[in-house]
Amino acid sequence: MGDTIRSLILDKNPTLIFGVTEFLLASLSLGPTPAFVPLVLLLTIIRIHGLRIACRSTRVLELMCSWVAVTAGASLAHYSSATNALSSSSQAFAAVAVMSAITYVLAILPFYVDIRLNRKFQSIWSQITLFPVAWATTWAIVSHISPVGRLLNWSPVSPDPFHWLLPYTGPMGIDWAVGACAALCSEVAAAWLMGTDSDDQLVNLSTSPGEAQSNRRSWSLLTLGTFLVALSIPSLHVSLPARIDTIVDSSPLGVACALPSVRKGQHATLGDFITETKKLTSQAKVILWPESAVVFNSREEREAAFELLRKDIQKSVVGVAFEESLPEDPSNPGESRMRRNGLALVNSGQAKGEEVVQYYKRNLNPSQLMPSIEPPAIYNFELGPPKWATNSEWSSTPNHTRPVTITSSICLDFAFSPALILAPARTWDPTVSLAMWEQAKSRANEIGSMVLWCDGGATGVSGIGGGGISEIMQLGTGSWTRTISLQFPFDQRRTIYAVIGDFGVFMLLVAIMGGGSVAWHLPALSGSLSRSRSVLQAVPLFRRLLPGRQRDQENLIDVTVPGERQSLLH
């Protein structure tokens with residue numbers, strides 16, 4: 001049975017089987033919220049396919065088939081969200097097809113690097129771990145130059161076994177884990193595909209140079225698998241949010257998202273938002289409006305609206321997300337105008353024109369809005385005691401308040417080390433909203449913060465993420481409140497990832513790739529490897545990875561041989 005399947009894959013219909021499999025896996029894994037397991041399986045298939053066609057005369061044709069299959073699958077996965085953004089279904093499919101095709105070209109680069117450079121490394125460990133490093137590095141570079149950040153990356157955003165790595169390695173660590181799992185699976189799958197009826201024969205225990213290399217490859221794979229399992233163990237620990245009924249080491253804080261309900265086809269006005277905000281001030285100290293909640297046509301109109309809002313918001317601070325239209329040339333107001341999205345923090349203690357933060361969008365979704373080069377500022381909000389605590393119990397400072405650092409974010413911009421990030425949004429599809437929500441949570445976890453996500457889209461998700469909380473509070477319109485607990489005193493030290501950045505993580509991954517082979521030179525390991533070998537020989541799948549087989553799996557990747565059954569192992 002095994003030989004029949006292997007023959008079908010490698011001999012009879014390899015192009016069709018690889019193409020159909022890549023299409024199906026792409027449709028499952030490359031949507032707005034890529035999932036970990038389907039993505040690993042897709043990379044596994046693409047890597048095996050790439051190794052098979054690398055030096056064949058038909059490689060260009062088969063690569064084009066793979067490109068079409070994956071692009072079609074990814075387009076299908078994004079089709080629903082695209083049709084809600086554009087009026088024409090054909091235009092929507094064409095748009096996502098173009099984006100998916102470009103993304104495939106970027107995604108194939110790590111496979112090319114792996115195939116071209118793999119055997120230039122003498123260490124088997126380095127050969128196996130080259131692809132994960134190339135994969136993580138590629139998407140780190142893409143995310144820095146892409147106008148939409150990581151939204152189109154082939155990176156998992158839903159919870160995965162390695163999500164806890166975010167404060168230490170950022171998204172590069174997750175991408176490395178995806179690539180490492182794919183490298184491990186593809187090596188094992190390649191060993192199975194190259195299996196023969198001689199798999200069940202007794203293993204020869206003599207050690208030739210070729211067998212020694214096979215032994216090193218086997219134990220490198222075993223080491224990588226063990227390392228990945230060890231990295232996934234912390235994800236089994238459930239991280240609970242801090243208690244909100246104690247003030248000794250935490251500060252309870254009420255937060256809210258103002259999403260006034262209006263009739264279908266109508267838009268909430270400035271008056272609707274102000275009325276809704278006044279209702280929320282009794283339960284929340286920090287209230288956020290969704291992106292582009294109100295539109296201002298001049299600075300004077302904006303300041304008048306802020307002054308009206310200040311009249312009855314008590315001691316709360318309100319994040320007003322707005323869109324404004326300003327003349328490009330202030331001296332010529334009748335000429336063309338520019339639009340920009342901004343956010344201002346407004347409280348009752350301000351005078352007219354003294355808004356705490358005015359921050360204009362920097363990283364945009366593709367649009368005609370004008371970006372700003374100024375980073376978001378950090379605002380210290382003075383939080384008073386809850387009703388059930390006395391002033392002296394709450395704080396020993398003269399004003400009996402605790403500082404809460406707040407910053408603003410529009411789209412995926414974040415300042416480092418705040419206690420709370422305000423992230424207004426407005427999306428057009430629930431899958432897009434969910435994707436951006438997952439990205440926002442990830443960015444908050446990377447810097448050890450919490451994010452208040454308020455999406456004003458008709459089907460947008462809103463909630464709180466970070467600090468042990470990952471809770472969607474609302475889908476669509478309808479205001480909500482939530483009491484969260486912030487660490488006291490808040491540790492404003494940046495996380496490891498915030499300090500070292502992507503370059504530091506890259507150096508760490510390169511060190512892992514280059515330093516893993518040192519273990520093979522430790523004499524103490526030789527005895528344990530020999531004792532464990534007999535155990536693995538009892539498993540047919542592992543037996544194909546062990547040395548001593550009568551037909552050694554020599555490297556035939558760049559040697560043209562009759563038929564399709566070339567060795568897929570390096």
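**Entry 1**

I started at Glu187, which counts as buried at 3% relative accessibility (buried is under 20% relative accessible area, exposed over 50%, partly exposed in between, with a 1.4 Å probe and protein chains only). This is a predicted model, where local features need pLDDT of at least 70, side-chain atom pairs count only at pLDDT 80 or more, and totals for chains, interfaces and linings use all residues. Residues are numbered from 1 along each chain as its sequence is written, and side-chain values use heavy atoms, with hydrogens and water left out.

What does Glu187 pair with? I found a salt bridge to Arg47, with the closest N and O atoms 3.5 Å apart (a salt bridge is a side-chain nitrogen of Lys or Arg within 4 Å of a carboxyl oxygen of Asp or Glu). The pair links distant parts of the chain, 140 residues apart: Arg47 is in helix H3 (residues 36-53) and Glu187 in helix H7 (residues 166-193). Helices (H or I, at least four residues) and strands (E, at least two) are DSSP runs, numbered from the N terminus. Arg47 is buried too, at 2%.

**Entry 2: other salt bridges**

I get 12 salt bridges in the structure. One of them joins Arg150 and Asp175, with closest N and O atoms 2.6 Å apart. Arg150 sits in the loop between helix H6 (124-145) and H7, and Asp175 in H7, so the pair ties together parts 25 residues apart in sequence. Arg150 is buried at 8%, and Asp175 is buried at 0%.

I also checked Arg302, which bridges to Glu303 at 3.3 Å between the closest N and O atoms. Both Arg302 and Glu303 are buried. Salt bridges with shared partners join Arg302, Glu303, Glu324 and Arg340 into one network.

**Entry 3: cysteines**

My search of the whole structure turned up 1 disulfide (a pair of cysteine sulfur atoms within 2.5 Å). Cys257 and Cys454 form it, with S to S at 1.9 Å. The link is right-handed, with 65° about the S-S bond.

Cys181 is buried at 13%, whereas Cys185 is partly exposed at 33%.

**Entry 4: two helices**

I looked at H2 (residues 14-29) next: its 16 residues reach 22 Å from first C-alpha to last, close to the expected 22 Å at 1.5 Å a residue (the expected span being 1.5 Å times one less than the number of residues). Its buried residues include Phe18, Glu22 and Leu25. Down the axis of H2, the buried residues fall within an arc of 140°, so they line one face; the arc is that of the directions from the helix axis to the C-beta atoms. Leu16 and Leu28 are exposed on the other side of H2.

In H12 (residues 430-446), 17 residues reach 24 Å, close to the 24 Å expected. I see 13 of the 17 buried, so H12 is largely enclosed by the rest of the structure. Gly448 follows H12 with a positive phi, near 70°.
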